[in-house]
Each structure stands twice: as structure tokens, then as C-alpha cells.
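This briefing covers a sheet, a set of aromatic pairs and the surroundings of a few residues. Please keep the sequence and the structure open while reading.

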Amino acid sequence: MLDNFADLWELVADTVGARVAIVQGERERTWETFDERAARLAAALAGMGVGRGATVAIDLRNGIENLEVLFAAFKLRAVPFNVNFRYREKELTYLLEDARPRAIVFDHALADRVLASIAASGLAVEPIEVHPDAPPTRGASSFEALIEAHAPAPRLGRDGDDELIIYTGGTTGFPKAVVWPHASLVRVPAFAGVPVGTVEAFKEAVASPEASSARLVIPPLMHAAGIAMASGALTTGGTVVFCASPRLDAHEVLALIERHRVTGFSVIGDAIARPLLEAMEEAAAEGRPYDLSSVETVMNTGGIFSAPVKRGFLRHGAFTILDSISATEAGGFALAETGGNGAMETARFRLGPNARVLDDDGKDVVPGSGAVGMLATTGRLPKGYLNDPEKTTATWPTIDGVRYAMPG
């Protein structure tokens, strides 16, 4: 019961239904509404043939509907996967042919490329368009109409072997689909701090005031960092806060932190952190500094968070900056922690508790030797790459009888 996202989120909804689960601009969903809408969408998807093991594509920017699709797919024991909303027809057709989804939920602005990609793939994919202000594009179903037309799907028995696919960014070739079982993800700290124990212990933890904290998700949900942040907040019974702007608006981010008393947010290196720092300093210089006193943790992965920018951040709040070396294929390779009284460095990390640095022979690199090695980590890992056993074996080798992740 405590190793499946749908089971956990349903428990949260049953325990704190009136608490806000997701907020974006002036729109919000309570946990009760989030659960009901996802259940109605699940019923609609089931009518399209979506069931256990079927894949569902999500081609949306960050927002409430993105998480509703995720929850609906999990309810059916289906396998949702992220789509980079910047992909054009060629890349999108590749993903459809690779994952073979039964349905794709997409933003209306992407309708032309999505429908063209479905036609190019030759697959029977049900297109579902998110466009609350107008009828759907010809050939697509309306997201809101489907929810309105269906009663909530009944809850199912599930287990931790249900799956989530997270596609890599495709910076070293075509994107690769990493297949994660729920049981691995719900125990990864970046995703959730699920208390180990009974259902009652979990519900008691969720009901506590500390669990109601808000986390702001800035990285796109198509990125592992974004989905980790959002899933982690939901699985601990908290609130996910999204920006309303489709592009990074640093002042909007800081205003949301102040308004919703956000306790944690993540960045992807200086690309996000530097504009935020500039906005902090601009507001402070104008005598209207943002109140960031609620922030406890700023997390970073996927890019360099430079020492000068870290130093600037810490002038505006007493929070901890956590840099991590992670990949879609595994987390926990290495971590760097910086606080107000800590040494300020750009990139000096300590190995994670399950991590090693290995040479070409699979032996540990001796610290101080000057030898170059590859990062490897074990623990809770994905099942592998979808449709690619050869790359799976290469990326998750067994060393001394233990399976490791070595994405390179």
C-alpha cells in the first residue's frame, strides 16, 4: 500500500481532502477535487482502452492538468511518460513509435504537430486536447468534456511494480525511455519522504501541519527534476505551486514564494538561479525586498550553480542549498550542501551513500591518486531502458554481484 503513487495520493485525499493540492495563478485544486477529477479522467481513459501497462503521453507545460493526467494514469495502473513540449513532428513521432501510447494529452497550441505526428506514426493514439476556452481541434477529444461526462473510476488494487517512464533529454542521441517502478521512486528522497510503517502512521504524518508545506516547481515536468519535486510534494501531502507564466518570470517566482510561504524549490543551475538573484537584488534596491523567510531548501541539479550566485542567494535568506549530481537513470551520485556559514564552492561534492568511483576494470579509484573514474550508484534503481536491452545492460551493470547505475 505504501509503494504506489496512486494508493498514496488517494490516502492523502481521504485524509486532508480540503487542503490545497495544486495551485497555478488564481486556479487551484483541493486534494478532494484533484482526486475526483483524476478518477473521472481515468474512467474516460479506460473507455479508450487504457489499462494496466498501457502508456499515456503527456505533452503539456507545467500545470494542474499535467498532474491530473499523471494521477489518472496511475489510478489505472497505466504508464505515463513525459514529452518535451518543444519537440517538433520528427522527434514527437519518434517518441510515439518508441512508447506506443494508447492516448496523448496535449496543449491546444501543439495540436497541429501532435495530430501530424500521430498520422505519421500510423498508430491508433487517442488525442485529448487541453483547451478550456474553445471546442477541441477536429479529430481530438476535449479534456474537460471527458472529465465532465464520466463518473469517477473505481479504485483498484495496485502494487509497487507499476511504472512511470521518464525520457532523457536526448542530448547524446535520441531520447531514451527510463522505466521506473513506483516502489523505487517513492523511496527516493527527491520524490518523497514517505514514512515507513502502517497506513495509519502515514495518514497521521500527512495530517500534521508540517505536511501542508508548499513547494514551487520551476523546472518543467518533462525534466526528471520537475517530476521529482512535484511527486515528492504530493506524496507527503503538501501543495504543488506552479507559475502561471509559460516562461521564467523571476519576479513571479519570488512573489509566489512569498504568497504561498513556499518551503522549497529547485533550480537547474545558474540558468534559473541567476535571474532569480537579479530579481531579489532589484527588489531589495527598490526598498521592497521579497519575504523569503519560509524557504528552507533550494535544490539544484542538471547545471552548475556557481559560488558567486550561491553567495548572492544566501544574502537573501537563511536556507540550505543542495547541489546534487543525478541523472534520469538514477539519483544519489553525489551531493554538495551549502549554508550561510559553510564554505562557498561551485562544485565540490561528496559521494552519495551508495555511490562509488570506478575505473575501467570496475575497481574503486583510490582517492588522491589522480586517476579518472566513472560515477556509479546502487540502491533503488529503474528497470532499464524501454525496448533496449543492450543499452540497459551497459548502463546498469552488475559489479561484484550488485547492480549499479552508470549512465556515463
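Is Y94 buried, partly exposed or exposed, and what is its relative accessible area? In this predicted model, Y94 has a relative accessible area of 25%.

**Aromatic pairs**

- The count of aromatic pairs comes to 12.
- One of them joins Y94 and F174, whose ring centres lie 4.4 Å apart with 20 degrees between the planes. The pair is stacked because planes under 30 degrees apart count as such.
- F174 is exposed, at a relative accessible area of 51%.
- F313 and F319 form an edge-to-face pair, since their planes stand at 80 degrees, with the ring centres 6.4 Å apart.
- Both members of that pair are buried: F313 has a relative accessible area of 0%, and F319 has one of 3%.

**Aromatic cluster and a charge over a ring**

- One aromatic cluster is made up of F5, W9, W31, F34, F71 and F74.
- F71, a member of this cluster, has K75 over its face, 4.5 Å from the ring centre.

**Sheet**

- Nine strands form an open sheet with mixed pairing, in the order β2-β1-β11-β10-β12-β13-β14-β15-β16.
- At the edges are β2 (27-30) and β16 (350-351), each of which pairs on one side only.
- Helix α3 (residues 64-75) packs on the sheet and touches β1 (20-24), β2 and β11. The direction of α3 makes about 25 degrees with that of β2.
- Within the sheet, β10 (residues 214-216) and β11 (residues 239-242) run parallel and are joined by 3 bridges.
- L216 has V241 in β11 as its bridge partner.

- A111 is found in helix α5 (residues 111-121).
- The residue A111 counts as buried because its relative accessible area is 3%, and buried means under 20%.
- Beyond its neighbours within four places in sequence, A111 contacts F106, E129 and T137.
- G408 is 297 residues from A111 along the chain, and the C-alpha atoms of the two are 36 Å apart.

Notes
Residues are numbered from 1 along each chain as its sequence is written. This is a predicted model: local features need pLDDT of at least 70, side-chain atom pairs count only at pLDDT 80 or more; totals for chains, interfaces and linings use all residues. Side-chain values use heavy atoms; hydrogens and water are left out. Two strands pair if DSSP finds at least two bridges between them. Helices (H or I, at least four residues) and strands (E, at least two) are DSSP runs, numbered from the N terminus. Contact means heavy atoms within 4.5 Å. Axes are lines fitted to C-alpha atoms, for helices over the stretch in contact, and angles run from 0 to 180 degrees between N-to-C directions. Rings of Phe, Tyr and Trp (its six-membered ring) pair if their centres lie within 6.5 Å; planes under 30 degrees apart count as stacked, over 60 as edge-to-face and the rest as tilted. Buried means under 20% relative accessible area, exposed over 50%, partly exposed in between (1.4 Å probe, protein chains only). A charge sits over a ring if NZ of Lys or CZ of Arg is within 6 Å of the ring centre and within 35 degrees of the ring normal.
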